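Please look at the sequence and the model below together.

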Amino acid sequence: MAELHLHIEGTLQPELIFALAERNGIELPYADLDELRSRYEFTDLQSFLDLYYANMAVLRTEQDFADMTRDYLARASAGGVRHVEVMMDPQAHVSRGVPLETCVNGVASALATSEEEFGVSTLLIAAFLRDLPEDDALEVLEQLLAMNAPIAGIGLDSAEVGNPPSKFVRLYQRAAEAGLHRIAHAGEEGPASYITDSLDLLGVERIDHGIRCMEDAALVERLANEQVPLTVCPLSNVRLRAVDTLADHPLPAMLSAGLNVSVNSDDPAYFGGYVDDNFVQLRAVLGLTAAEQSRLAANSIRSSFASDARKAELLGEVRAWEAAAAEA
Ligand SMILES: Nc1ncnc2[nH]cnc12
Ligand SMILES: [Zn+2]
């Protein structure tokens, strides 16, 4: 399976936060792990983002970014992930004085050895913060291009409501000119119209989340016809109160509607689980079947930006897994 919706800064585990704070001589506003963990009760996207950005203060050196990334790759590999498209938020680091090279090179150095070390192929996606001005994003994108950063694409994340896709038309035009893949968060907390506008105004190839498409039947029909990939994150949606409980999650309805959905972890250190944990809970709570699980895995591979050869290899593994599940 491939993981297509993963924020590397959202893999920063409480233990690593304390270890990096110690290594970098940073005083944390929490006395211990329990106090930090007690903050992981979110009421909406913004309440999570506040803690997510605050905790990034411990990331200072290339080594810090590399250690965080290696920890994620090891854990994802153990959970069955074979290809990952990692988003990072460069503006969240540059704005607090960390050089762009430091964060990009740190993450990229760990990604570069991932296939050999963990059997996980990787791509890096620079995500831009939609609550900041478009010019800020454009400036960072130009810097990434000038330094020949190893990025395969761009994304759009952070506070969605009030920061519509129409704000970032020039950014996405520039990324298209530069030959980059384009994805965007849409329809997580924001309305279904943000999904339509991400497709039509930004030319995105994939939508992150997209669950609110279910409020617009015509949009569902379009997404099904065009097989637009939607990277759904069930545990994230529960933790950020986009849905009330996992039992209420629209994933089964999305599958029934013929949508091209995959299952992803988003920010696994904050939302109670990695992609395999999402599947465990989907099986337990929603009765997700082995056939549905292999369809979701195949969708994730087909919707990735991996090479055709790598996709063929990974789809072969899904078919082998299906055959073994059918025998069991
Ligand atoms: N789920 C999410 N939505 C928007 N921005 C994010 N940044 C990290 N996780 C995010
Ligand atoms: Zn996300």
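A nonpolar core is a set of buried Ala, Val, Leu, Ile, Met, Phe, Trp, Tyr and Cys residues joined through C-beta atoms within 7 Å, where a residue is buried if 20 or more other C-beta atoms lie within 10 Å of its own, exposed if 12 or fewer, and partly exposed in between, with C-beta atoms placed from the backbone. This is a predicted model, in which local features need pLDDT of at least 70 and side-chain atom pairs count only at pLDDT 80 or more, whereas totals for chains, interfaces and linings use all residues. Residues are numbered from 1 along each chain as its sequence is written, and chains are lettered from A and ligands numbered from 1 in the order in which they are written.

The largest nonpolar core has 92 residues, of which Val86, Met88, Val107 and Ile125 touch the most other members. In soluble globular proteins, nonpolar side chains tend to be buried together.

Helices (H or I, at least four residues) and strands (E, at least two) are DSSP runs, numbered from the N terminus. Strand 1, residues 2–7, is mostly covered, with 6 of its 6 residues buried. Ala2 has His83 as its bridge partner in strand 2.

From an unreviewed entry, UniProt lists His5, His7, His185 and Asp266 under "binding site". Although these residues are spread over 262 residues of sequence, they cluster in space, the largest C-alpha distance being 11.7 Å. UniProt positions are given in the numbering used here, feature names are shortened, and annotations may be inferred rather than shown by experiment.

His7 has its place in strand 1, whereas Asp266 lies in the loop between strand 8 (260–263) and helix 14 (268–271). The table gives the C-beta count for these two residues.

| Residue | Other C-beta atoms within 10 Å | Class |
|---|---|---|
| Asp266 | 30 C-beta atoms | buried |

Two residues are in contact if their C-beta atoms, placed from the backbone, lie within 7 Å. Not counting residues up to four places away in sequence, His7 touches Met87, Asp89, Asp157, Asp266 and Asp267, while the contacts of Asp266 include His5, Gly10 and Ser236.

Among the residues that surround ligand 1 are His7, His185, Glu188 and Asp266, a residue being near a molecule if its C-beta atom, placed from the backbone, lies within 6 Å of it.

Note on methods:
Pairing = 2+ DSSP bridges.
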